[in-house]
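Reader: I'm new to this one. Could you walk me through how to read it?

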Amino acid sequence: MSAPTVHASVVVIDEAGVLIRGASGAGKTTLALALVREAARDGRFARLVADDRARLTAVNGRLVAEAPEAIAGLAEVRGLGVVAEACCPAAIVRLVVDLGAAGPRSPEAAELRTAVEGVTLPRLQVAGNGSGGLVLACQTVFRMLSHAGCGGSALAFAPQHEKLPLPAPSAPLFRSIRDGQPRDDLDPERKQACAETA
């Protein structure tokens, strides 16, 4: 039996999946496509995983997001309707973005994390819609992703070591991120964390 879907959009930037939640009309698709566009402009790997509905599954302490087959590779853009988008079949979620009311100026530690399917993840709460909120959300997401998670090498080897059993078509995509080159810009603590997950 497949996992139920949730109302959310998901993108993958480099090796990190970003789960974007919010009410209908909050700007999930707009933010998702803006993140993909900005990351690609910087020469980074970026793809849509799911728009509007996502299937979330906890696997060995990680949250894996996939698009339901019926909507894989599609995004509903206001004013254009449903359009085809380059997509990645699955991503490991590293950050949750909640669109709606802007978060507090100085959030408590508990407000910076959330549990999804039993997996605790960093959380960003931002105002949805409006160009100012969109720009701020993009900048904050990129800043948070640059300080968290592991290099592509950790995810490249996780599927083949059976720590993260993904469908066979997904594994080569994860291995191809960053062309299989391990990152040398990680501090020692992050290198250790990556070594433990690989």
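Author: Buried means under 20% relative accessible area, exposed over 50%, and partly exposed in between (1.4 Å probe, protein chains only). This is a predicted model: local features need pLDDT of at least 70, side-chain atom pairs count only at pLDDT 80 or more, and totals for chains, interfaces and linings use all residues. Residues are numbered from 1 along each chain as its sequence is written, and side-chain values use heavy atoms, with hydrogens and water left out.

Reader: Which side chain does R21 meet in a salt bridge?

Author: A salt bridge is a side-chain nitrogen of Lys or Arg within 4 Å of a carboxyl oxygen of Asp or Glu. Here R21 pairs with D98, at 2.7 Å from N to O. R21 sits in strand 2 and D98 in strand 8 (residues 90–100), so the pair ties together parts that are 77 residues apart in sequence. Strands (E, at least two residues) and helices (H or I, at least four) are DSSP runs, numbered from the N terminus. D98 is buried, with a relative accessible area of 12%.

Reader: How many salt bridges are there by this rule?

Author: The count comes to four. One of them joins D14 and R44, whose closest N and O atoms are 2.8 Å apart. That pair links distant parts of the chain: D14 is in the loop between strand 1 (5–13) and strand 2 (16–21), while R44 is in the loop between helix 1 and strand 3 (46–50), 30 residues away. D14 is buried at 7% relative accessible area, whereas R44 is partly exposed at 26%.

Reader: What about R41 and E38, where do they both lie?

Author: Both are in helix 1, three residues apart, about one turn of the helix. R41 is exposed, at 56% relative accessibility, and E38 is partly exposed, at 26%. Salt bridges with shared partners also join R21, D98 and R123 into one network.

Reader: And how many disulfides does the model have?

Author: A disulfide is a pair of cysteine sulfur atoms within 2.5 Å, and by this rule the count is zero. Take C88: the nearest cysteine sulfur belongs to C87, 7.5 Å away. C88 is buried, with a relative accessible area of 3%.
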